[in-house]
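Please read them with the structure open.

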Protein chains: 2
Amino acid sequence: MQNLATAHPREIRAQIREGKWRRPTGGLAAGYAQANLAVLPRDLAYDFLLFCQRNPKPCPVLEVLDVGSPHPVRMAAGADLRSDVPLYRVYRSGELEAEVTDLHDHWREDLVAFLLGCSFSFEAALASAGIPLRHIEEERTISVYITSIQCVPAGMFAGPLVVSMRPIPLDRVAKAVEVTARYPMVHGAPVHIGDPAALGIVDIARPDYGEAVTIREGEVPVFWACGVTPQAVARQARPELMLTHAPAHMFVTDLRNDEL
Amino acid sequence: MQNLATAHPREIRAQIREGKWRRPTGGLAAGYAQANLAVLPRDLAYDFLLFCQRNPKPCPVLEVLDVGSPHPVRMAAGADLRSDVPLYRVYRSGELEAEVTDLHDHWREDLVAFLLGCSFSFEAALASAGIPLRHIEEERTISVYITSIQCVPAGMFAGPLVVSMRPIPLDRVAKAVEVTARYPMVHGAPVHIGDPAALGIVDIARPDYGEAVTIREGEVPVFWACGVTPQAVARQARPELMLTHAPAHMFVTDLRNDEL
């Protein structure tokens, strides 16, 4: 499996489909975009798509599949969203019911699959620009916080903006903004720089998801809109059924990050 | 009325609402974005929003209003889409039924209003960059063509890409691309440069909408995705009811072009 970092996404998806890869996808298929997956019944799809349209920073839509189809057209021809993600979650009425490795038993003709941008893309660009990524240095899961900022609601979908945080040296903050602003389809420029309290974050050392990382002297916390937002909001709406990827187990697409 | 070129959009909308301005809106409220209007029943709104998501160059979504609401939130607080456009069109089953100056009699609780980007914005930027706008020089309606390129379909909505054409001197083409690429919410960079036949345009001197303009020696035709596309496609789908602005009679928003 060592070669999966440089393998083509098609090969990686084939390995996943055959049950040979059940782990997180970070670092796989370097240079290719990975995506969040959210699947909802058709009668909720308009409100969810409108929620994404109104909140493009946390919810950048990469592709919406036709009703009932598990086959992406633009992001990965020949793929099957029921089998090509290493681990899935099944939510009923907002509650986690199961983690599964295949969605065939849960798929329905009235389901709509959404692929949303993921910040893996701009992390590679940040690293290329010489900006340190503390959670990677310290081998922790990135720090993620629920803020006091409300997203713009749409129908049944409403809730707070969720952000990821990376500590950045003061003299690299402008560069970090510049680099990530180039990738609006994977959350783009930061939503806030420097003051956790302005986002309603009481204790930066206690993230709501993931793990805390060290913020060194001369660094400030920089906050980006996070792909957890749409799933968190969708769960809060308690739809009768929602299927998603399991955290960090993303869908690997055929599009290069620079094509987004 | 001479001062409407520099008036605030609120003032212009008030004049329109009071019936004092029934003409095209080009040149009004310099620097502020103007928008295409399309209103459809809720049961068609998901397919139409998805069509826009899949075809962002011809169909850049500026705002989708809540079901039944004629009051934009983001683009123009306090406005009323039933009265603040100088001239409307009412389509039934894809056929033009009437042109009216007020939509109150046609409004329904199940209608969804879409505001879509309009190329007025990047024309000001092109002019600022010293790029000639032939249709303005020659006082003609801009040349618009139906192409042989099909949009990505979504549900009942499918049809050809419609483009506007501006002749640009060869040594200014790169600049024209650079300038318009900065405005993805109003159609962005050109979709094609130089060869009408590549778009299925048989005779550049005979546009499908608007009027022909002179293409001088040393100029090439440059084609941009056009805001007529979503309306043309929506009409082709023959929805039971669709309300729109009349051509060139746009909705004037409170957002500056540079805020888009």
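1. Strand β8 of chain A and its partner. β8(A) pairs with strand β9 (residues 219-225) of chain A through 2 bridges, and the two run antiparallel. Look at His192(A): Phe223(A) of β9(A) stands opposite. Bear in mind throughout that this is a predicted model.

2. The sheet around that pair in chain A. The sheet is open and has 4 strands, ordered β6-β7-β9-β8 (chain A), with antiparallel pairing. Which strands stand at the edges? They are β6 (143-150) and β8 (192-193) of chain A. Each has a single partner strand, so one side of each has no neighbour in the sheet.

3. Helices on the chain A sheet. Helix α5(A) packs on the sheet and touches β7 (160-169), β8 and β9 of chain A. The direction of α5(A) makes about 15° with that of β9(A). Helix α6 (residues 228-236) of chain A lies across β6, β7 and β9 of chain A. Against β7(A), α6(A) runs at about 155°.

4. The sheet in chain B. Here an open sheet of 4 strands has the order β6-β7-β9-β8 (chain B), and the pairing is antiparallel. β6 (143-150) and β8 (192-193) of chain B are at the edges. Each of these edge strands has a single partner, so one side of each is left without a neighbour in the sheet. Inside the order, strand β7 (residues 160-169) of chain B is joined to strand β9 (residues 219-225) of chain B by 7 antiparallel bridges. One position to check is Pro167(B), which stands opposite Pro221(B) in β9(B).

5. Helices on the chain B sheet. α5(B) packs on the sheet, touching β7, β8 and β9 of chain B. The direction of α5(B) makes about 15° with that of β9(B). Helix α6 (residues 228-236) of chain B also packs on the sheet and touches β6, β7 and β9 of chain B. Its direction makes about 155° with that of β7(B).

6. A helix pair in chain B. Helix α3 (residues 120-128) of chain B packs with helix α5 (residues 173-181) of chain B at an angle of about 135°, their axes 9 Å apart. Why is α3(B) called oblique to α5(B)? Angles over 145 degrees would count as roughly antiparallel, and 65 to 115 as roughly perpendicular; the rest, once those under 35 are set aside as roughly parallel, are oblique. That angle therefore makes α3(B) oblique to α5(B). The crossing is right-handed. On the α3(B) side, Phe122(B), Ala125(B) and Leu126(B) make the contact; on the α5(B) side, Ala176(B), Val179(B) and Thr180(B) do. By class, the contact residues are 5 nonpolar, 1 polar and no charged.

7. Strand β1 of chain A. Is strand β1 (residues 32-41) of chain A mostly covered or mostly uncovered? Mostly covered: 9 of its 10 residues are buried. β1(A) runs antiparallel to strand β5 (residues 111-117) of chain A, with 7 bridges between them. It also pairs in the antiparallel sense with strand β11 (residues 251-256) of chain A over 3 bridges. A further 2 bridges join β1(A) to strand β10 (residues 242-245) of chain A, again antiparallel. Ala38(A) has Phe114(A) as bridge partner in β5(A) and stands opposite Thr244(A) in β10(A). Ala35(A) has Phe251(A) of β11(A) as bridge partner.

8. Helix α3 of chain A. Its buried residues are Phe120(A), Ser121(A), Phe122(A), Glu123(A) and Leu126(A). They pack against β1 and α5 (173-181) of chain A. After α3(A) comes Gly130(A), with a positive phi near 75°.

9. Where the chains meet. In total, 7 residues of chain A contact 7 residues of chain B. On the chain A side, α2 (42-54) and β2 (61-64) each supply at least two residues. α2(A) gives the largest share, 5 residues. That side has 6 nonpolar, 1 polar and no charged residues.

10. The helix crossing between chains. The axes of α2(A) and helix α2 (residues 42-54) of chain B come within 9 Å and cross at roughly 40°. This crossing is left-handed. From α2(A), the contact uses Ala45(A), Tyr46(A), Leu49(A), Leu50(A) and Gln53(A). From α2(B), it uses Ala45(B), Tyr46(B), Leu49(B), Leu50(B) and Gln53(B). The contact has 8 nonpolar, 2 polar and no charged residues.

Definitions and conventions
Residues are numbered from 1 along each chain as its sequence is written. Chains are lettered from A and ligands numbered from 1 in the order in which they are written. This is a predicted model: local features need pLDDT of at least 70, side-chain atom pairs count only at pLDDT 80 or more; totals for chains, interfaces and linings use all residues. Axes are lines fitted to C-alpha atoms, for helices over the stretch in contact, and angles run from 0 to 180 degrees between N-to-C directions. A crossing is left-handed if the near helix is turned anticlockwise from the far one by less than a right angle, and right-handed if clockwise. Two residues are in contact if their C-beta atoms, placed from the backbone, lie within 7 Å. Ala, Val, Leu, Ile, Met, Phe, Trp, Tyr, Cys and Pro count as nonpolar, Asp, Glu, Lys and Arg as charged, and the others, Gly among them, as polar. A residue is buried if 20 or more other C-beta atoms lie within 10 Å of its own, exposed if 12 or fewer, and partly exposed in between; C-beta atoms are placed from the backbone. Two strands pair if DSSP finds at least two bridges between them.
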